[in-house]
Amino acid sequence: KEGDKITVFDGKGRQYTARIERVQKNFVRGVLLDVCPVRKSALSLELCFAPTSRNTLEDVLDKCTQLGVDSFLPIRTARSEYDLFKKWDNKADRWRQIILSACKQCDRADVPVLKAPTDFVAAAQRGVPSLLAYEAEEARTLAWGLEKLGSPSFLRIYIGPAGGWADEEVVLAVQYGVLPVTLGPHILRAETACIAAAAKLL
């Protein structure tokens, strides 16, 4: 209501306290009062993942936004079963709204970017510091991978589909400098792996 103090953000990393001046049917007008301090991880993380269904995709977007992931890149792999390419045009706005809602829920000042889906091979060729969660890797951890990459300020983590990575995909990834790592002793569901990787890295 008018006169109340609220917290607002601009979606680009800045957050403010504000006072509501006027409330009407279709908009609220207010005045900014103070800049709020914003906490942010030193690592900018891009999550490249192969969605297994609409529900799990939306769960990953929601939970990983809350954890601090900066960008999402859905990928299609050799064993992908959920064809995101066919659904992108009709669903992209809904998925961006889920990300925005998660930001509001967790008091996050910046809004992660949801990139258009691409094939895994095309993504792996882009030459950015990258790790690949691989169920057959037993010794090399996320911490090892970060150290091997020189503790980068930006990192991409690849999470495969429910059926895992094809052998040729892992070979190709290594050729492009992507480092396979383990997320732990157990084989995780694809959506759980996304959340676990984000939580461990951030």
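Predicted model: local features only at pLDDT ≥ 70, side-chain atom pairs only at ≥ 80, totals over all residues.
Student: How far apart are the end C-alpha atoms of helix H2?
Tutor: H2 covers residues 84-106, which is 23 residues. A straight helix would reach 33 Å at 1.5 Å a residue. H2 falls short of that, with its ends only 27 Å apart.

Student: Which residue has a side-chain oxygen that reaches a backbone nitrogen at the start of H2?
Tutor: The backbone nitrogen belongs to Phe85. The side-chain oxygen comes to within 3.2 Å of that nitrogen. The oxygen is from Asp83.

Student: Is Trp88 buried or exposed?
Tutor: Buried means under 20% relative accessible area. Trp88 has 12% relative accessibility, so Trp88 counts as buried.

Student: How do the rings of Trp88 and Trp95 pair?
Tutor: Their centres are 6.3 Å apart. Planes under 30 degrees apart count as stacked and over 60 as edge-to-face. Here the planes are at 45°, so the pair is tilted.

Student: How many aromatic pairs does a search of the whole structure find, and how is the pair of Phe49 and Phe72 arranged?
Tutor: The search finds 4 aromatic pairs. The ring centres of Phe49 and Phe72 are 6.4 Å apart. Their planes are at 75°, so this pair is edge-to-face.

Note on methods:
Residues numbered from 1 in each chain as written. Heavy atoms only, no water. Helix = DSSP H or I, 4+ residues; strand = E, 2+ residues; numbered from the N terminus. Expected span 1.5 Å × (residues − 1). Polar contact = N/O pair within 3.5 Å; in protein donor to acceptor, adjacent residues only side chain to side chain. Phe/Tyr/Trp six-rings, centres within 6.5 Å; stacked < 30°, edge-to-face > 60°. Buried < 20%, exposed > 50% of the residue type's maximum accessible area, 1.4 Å probe, protein only.
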